[in-house]
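Welcome, and please load the model in your viewer. We will go from one selection to the next, with a few words on what you find at each stop.

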Amino acid sequence: MKVIVTGGAGFIGSHIVDALIARGHQPFVIDDLSSGSPKNLPQGVPLFVTDLRHGSRIREIFEEVRPDWVSHQAAQMSVSRSVREPVFDAEVNVLGLLNVFDSAAAVSAKRIVFASSGGVLYGDVSVPTAEDYPAAPISPYGISKWVGEKYLEFFARERGMQGVALRYANVYGPRQNPHGEAGVVAIFCQKLLAGQAPTINGDGKYIRDYVYGPDVALANALAMESTLPTHFDAFNIGTATPTDVNQLASCVRDQLIALRAQEGIQLNLPEMNYGPARAGDLRSSLVCPARAAAHLGWKPGFDLAQGLQETVRWFATHAAQ
Ligand code: NAD
């Protein structure tokens, strides 16, 4: 199938591109390269460099490609930036999203899979949350993901397509950009490999559900390929495994120590710093992926230690280049 992947030059989007190619599909990428890079893409994948906010250009690309499916990953994805710049957040995450969904409908695309977020929809939860838990977004970013799901449901119902929202937990893995405000694993890897002490905000006891990027990409491929009975559905994509930030930091360090022993690389590992808690950070966020297992046949393939081993190795190789 022909698939337009918005944000396909970014972290998760580029793993989706890899998964689609491996499964015999033909991806086309739209990305403004604001945080993504062409280096994340395999050679030969068509890349249209444009901003989602340019509606007429987005429409032209859809008319040229005429995709069967759409994977909508591109977004303004910083919660704190959304609080500082709510208009910009809505321009990309609501109006940009509408440009994509409207163009998909105009060329009769059959299915849109949308990158939503469990954490921002469910708020502070201490047990793994199912999809019917009431949405309570508190940041403009969270509101835009919730609105995006509602628009997807509207387009699917009114314009004869299928819409699937995947509510990701905290995603980590190779190619995650360590220079953003999110992506704690990427930031820890990059700092520790540079011999600098990463900062843990607050007491480090904040609970998160970490899911490996290539596993999330597989969930996206299955969400496109699966036969689904309804025009719209939403699935959590996470592991339901609680890990606090102190545990995460110590797992990243363990993997770096193992790598140092295996590869004989020079590496000084400083202790972590502790800084003030960030306003608005949830104490706990976990999602239950049981519906994705039942309806998409998806299960996470990597546990945290396995995923971190791959991630640390990737950052070590790429930090050296
Ligand atoms: P990323 O920054 O690596 O990828 C986003 C991509 O979108 C980048 O390549 C960027 O250049 C592109 N982009 C941004 N604004 C654009 C615009 N206006 N026009 C065109 N392209 C634009 O981030 P990611 O972690 O891969 O996130 C992908 C999606 O997953 C996002 O929608 C994000 O909200 C969602 N998500 C991510 C996580 C996570 O933990 N990483 C969790 C929940 C949801």
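## A tour of the helices

Start by selecting α1 and α8: the two helices pack at an angle of about 60°, and their axes are 8 Å apart. They are therefore oblique to each other. Turn the view to follow the crossing of α1 and α8, which is right-handed. To see the contact itself, show side chains for Phe 11, Ile 12, His 15, Ile 16, Ala 19 and Leu 20 of α1, together with Gly 213, Pro 214, Val 216, Ala 217, Asn 220 and Met 224 of α8. Coloured by class, the contact of α1 with α8 shows nine nonpolar residues, three polar and no charged ones. Keep in mind throughout that this is a predicted model.

How many of the twelve residues of α1 are buried? Nine are, so the helix is largely enclosed by the rest of the structure. The buried residues are Phe 11, Ile 12, Gly 13, Ser 14, His 15, Ile 16, Val 17, Ala 19 and Leu 20.

For another pair, select α7 (residues 184-193) and α9 (residues 245-263), whose axes come within 10 Å and cross at roughly 45°. That angle makes α7 oblique to α9. The crossing of α7 and α9 is right-handed. On the α7 side, the contact is made by Val 184, Val 185, Phe 188, Cys 189, Leu 192 and Leu 193. Facing them on α9 are Val 245, Leu 248, Ala 249, Val 252, Arg 253 and Leu 256. By class, the contact of α7 with α9 has eleven nonpolar residues, no polar ones and one charged.

Last stop: select Val 147, which lies in α6 (residues 140-158). Is Val 147 buried or partly exposed? Its relative accessibility is 22%, so Val 147 counts as partly exposed. Finish by drawing a distance from the C-alpha of Val 147 to that of Ile 265: these atoms are separated by 47 Å, and the two residues are 118 residues apart along the chain.

Definitions and conventions. Residues are numbered from 1 along each chain as its sequence is written. This is a predicted model: local features need pLDDT of at least 70, side-chain atom pairs count only at pLDDT 80 or more; totals for chains, interfaces and linings use all residues. Side-chain values use heavy atoms; hydrogens and water are left out. Buried means under 20% relative accessible area, exposed over 50%, partly exposed in between (1.4 Å probe, protein chains only). Helices (H or I, at least four residues) and strands (E, at least two) are DSSP runs, numbered from the N terminus. Axes are lines fitted to C-alpha atoms, for helices over the stretch in contact, and angles run from 0 to 180 degrees between N-to-C directions. Angles under 35 degrees count as roughly parallel, over 145 as roughly antiparallel, 65 to 115 as roughly perpendicular and the rest as oblique. A crossing is left-handed if the near helix is turned anticlockwise from the far one by less than a right angle, and right-handed if clockwise. Contact means heavy atoms within 4.5 Å. Ala, Val, Leu, Ile, Met, Phe, Trp, Tyr, Cys and Pro count as nonpolar, Asp, Glu, Lys and Arg as charged, and the others, Gly among them, as polar.
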